[in-house]
Amino acid sequence: MDQRFLDELGAVVAPGGLLTDAADLFTYESDALVHLRATPGAVVLPVSADEVQAVVRLCHRAGVPFVARGHGTGLSGGALPVEDGVVIGLSRLNRILDVDIPNLRVTVEPGVTNLEITRRVSPFGCYYAPDPSSQIVCSIGGNIAENSGGAHCLKYGFTVHHVLGVEAVLPNGDNVHIGGAALDLPGLDLLSVIVGSEGTLAVVTKATLRILRRPEAVLTLLAGFESIDLAGEAVSAIIGRGIVPAAVEMMDRLTIQAAEAAVQPRFPDANAVLIVELDGPQAEVDEQFAVVESVCRAQGATSMEIARDQAHRERIWRGRKAAFAAMGRVSPNYYVQDGVVPRTKLPEVLRRIRDLEARSGLRIGNVFHAGDGNLHPLICYDASVPGQAEHAEKVASEILLYCIEAGGSLTGEHGVGADKKAYMPKMFSTDDLDAMHLVRCAFDPAGLCNPGKVFPTPRLCGEVPGPYRQHPLERAGVVERF
Amino acid sequence: MASSSLDTIAQAAHARWGTPASRAAGPADAILDQLPAVVLEPTTVPMLADMLRWANADKVAVVPRGAGTKLTWGRTPPRIGAVLATTRIDGSIDHCAGDLTATVPAGARLEEVNAALAREGQWLPLDPRLADRATIGGIVATNDSGPRRQKHGTPRDLIIGAEMALVDGRTAKAGGRVVKNVAGYDLARLLCGSFGALAIITRATFKLAPRPPASRTIVASAPQARPLADLALALLSSPLTPAAIELQSRPDRLLLRFETTEAAANQQAAAAEALCGAHGVDASMVSGDAEAAVWREHQADLSSADGTLVRVAVLPAQVGDVLGHAERVAAQHALECRVAGRIALGVVYARIGAGEHTRPSPESLRAAIDALRQNAWARGGSAVVVSVDPAIGHVVDPWGDVGDALPLMRALKARFDPNGILNAGHGPGNI
């Protein structure tokens, strides 16, 4: 990387805010999808929105690609650096700027962790609803980029339903205010594309979020079943009775065993467990719970355990939330997949996954948000066996195709990132992708903001404003101008 | 815009599609006294896309239309070449009850969609103005909603996928048919509230809700609006989960609706009644036919085309002050002004000068809107003119200042609609 450019970067961030040593850069080579790596030319760690803006302006002027990064917990390579580009690490922008309980709003910087918000507003009987499994460490900025979900999406929605406004630096270095604390601000709903844009449209420097009042009552049921199919039928029957639970999670035997070995949630010895959580007014929860209980019994639940207090509930959720990490207890390596199917297609797709498991010779654990059809198959492999990692990756991709064929999606919450961009044409036509690309070009005509993500093939926008300048990706021979 | 006369446009369209897909405009097709050159009523999505391609190539200004219930909202395009209607396009409602989703054609009326979904005990829980006539496409394009927004949100909160026709005649989709999905940019949500300025929505997929088994409404009355605003805030910090918290004006009342199971509806209504008592507000509970009548009347009031309707959005805790301010503004300009709506969300609707005798002068209307707008801006909010009294017409800027993201909105508009044919000047922020 050009020394003069590095000097300029160093001059706009506080001391210690520019990293260029190989050892320092190493940390930033990947996000939580560790098999995709690239070495950035520099990492900047701004402490203010002004510094972010100054860095982006420099990148824009010099035509240097940049990638914003939160806490690096992403599972799709969304924060994978561009080789020799700049990584803007936002972990030092970590202040909660405003807590407004009467209006149920908080305003935070992007480096604040998801759980920190709930912790801060909890004494007031409030919480922040999106709860990705990584919520202890993941950042709000990353949540906004990925439109993160969690276990309670079916009833409470995703990040996009809870972000009311952002301040962001556009790829040309302009600072913009989009949305705000009040609802219905006039103009196009740009927030709806920024949330979930995987860092390809802007760098968010501040966000105003909606918080919720804790429900009057919460009831969590842990039920064991003889098979995933029976547990799945119980879910259908619950929804068929007009109940939308706050969460419905399912785990199979392999993931139950892993969770047990890791965090001892004391799950029953069963082929499948279902966690059903109801929340709301006491009377509603009581009435609906009676229905849920009878449905589970009718579907042959082998055990039922009801958590009525916080500690008990936390123990059950610990088992579920630790499921990914826990796989390390039963397999040397594993590949986490994220796909979605219409809920009613779950049995069909799970059957295909079981056949694939038998055919591939790799064990596949299944954890899923059963209420919304979001599957997280965990493909176990041993990286020390030559070829097995590649085999696992192929198996994981095949599961994605099952999801798309069933009318679902190739990602429910982990994002497309660098990992799944090649699969986008399986789900979207060229025209669909072209329409999305119009948004990309409106925000980032020069293609410098997290390039190489989401879209299957790198492409340029044409009519880049200003004098013609060879794009860095063109220079590298990665893309052609058309 | 093209220099071709309205006649030329009509002839070109007739020659291509003939009747009935292309027809001359009648008085019912006029928008604020402007008559389009031609009315296009395609019967298929490819035909609609083809019409759009033609309009784009010939630079014919297009106004997309569903039932036509909201065409006077915002500013009318300076020229209307063609009205392009979605209502004749064939298409069925694809209801996946087990998945709690439905895919519906843009031209379908919300009422007919909900009648179909009711067969499985589900619904699309939107209750916008003129819900009996409004189409899905129009509701999405304006992101319109009603009292149940308190619990269920707006179309933007419920949409999970959309299909659209682009100006170059191509069709594209975004999102999908599953509730949870983060693949690609969320164009479906971007289209919500876009006023047809980017693309024409042809189909939309929504996440649905089960129909609640029971409903109760508390009618809370007070001599002034202020204690009602305080009550609305108190509700927000209570564990109650109302489906609607609506302010009514003259008489000043709050309508608190609880839609849940039978026992929970009764329990919550009782708790709400107690809360009213604690605030010194009279309350009574209605259910069944009486409840339906209360809401029918309120919806009719919200849907009325009388006067000029201004949406004022601020923080919930600021609504009390905004109500007081609106009253002072009305008095100062000798205007008739009533404020109603989603008080606990901070979104209320001021209806100014309804009725023949109370029609304000253009100057006083403009002054009043400016005053409401300044006051809302100072609080980080906004005041947008939803619909304007046609007799007063264009004296007001419907949107006001859109802020520093306006160039970005214009850039988006330029990418999607480079010739500016789609509802030109009518989109949010006059894009």
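Predicted model: local features only at pLDDT ≥ 70, side-chain atom pairs only at ≥ 80, totals over all residues.
Is B:Thr142 buried or exposed? Buried.

B:Thr142 sits in helix α4 of chain B, which covers residues 136-142. Who are its contacts, once neighbours within four places in sequence are set aside? They are B:Lys70, B:Trp73, B:Gly193 and B:Phe195. B:Val386 is 244 residues away from B:Thr142 along the chain, yet their C-alpha atoms are separated by 9.8 Å.

Next, chain A. Find helix α8, residues 228-240. This helix has 13 residues. From first C-alpha to last, α8(A) reaches 18 Å, close to the 18 Å expected at 1.5 Å a residue. Which of its residues are buried? A:Ile228, A:Ala231, A:Gly232, A:Ala234, A:Val235, A:Ile238 and A:Ile239. Look down the axis of α8(A): those buried residues fall within an arc of 155°, so they line one face of the helix.

What covers them? The cover includes three strands of chain A: β12 (217-225), β13 (247-252) and β14 (272-280). It also includes two helices of chain A, α10 (282-298) and α13 (346-360). Just past the end of α8(A), A:Gly242 takes a positive phi of about 80°.

Now see how it packs against α14(A), residues 388-405. Their axes come within 10 Å and cross at roughly 160°. An angle over 145 degrees counts as roughly antiparallel, so that is how α13(A) runs relative to α14(A). The crossing is right-handed. On the α13(A) side, the contact is made by A:Val349, A:Arg352, A:Ile353, A:Leu356 and A:Ser360. On the α14(A) side, look for A:His391, A:Val395, A:Glu398, A:Ile399, A:Tyr402 and A:Cys403.

Last stop: a packing between the two chains. Helix α16 of chain A, residues 430-443, packs with helix α13 of chain B, residues 406-416. Mind the chain letter here. The angle is about 140°, and the axes are 9 Å apart. The two helices are therefore oblique to each other. α16(A) passes α13(B) in a right-handed crossing. Chain A brings A:Leu438, A:Val439, A:Cys441, A:Ala442 and A:Phe443 to the meeting. Chain B brings B:Leu408, B:Ala411, B:Leu412, B:Arg415 and B:Phe416.

That's the tour. Thank you.

How values were computed: Residues numbered from 1 in each chain as written. Chains lettered and ligands numbered in written order. Helix = DSSP H or I, 4+ residues; strand = E, 2+ residues; numbered from the N terminus. Expected span 1.5 Å × (residues − 1). Buried ≥ 20, exposed ≤ 12 C-beta atoms within 10 Å, placed from the backbone. Arc of directions from axis to C-beta. Contact = placed C-beta atoms within 7 Å. Axes fitted to C-alpha atoms, helices over the stretch in contact; angles between N-to-C directions. Parallel < 35°, antiparallel > 145°, perpendicular 65-115°, else oblique. Left-handed = near helix turned anticlockwise from the far one by under 90°.
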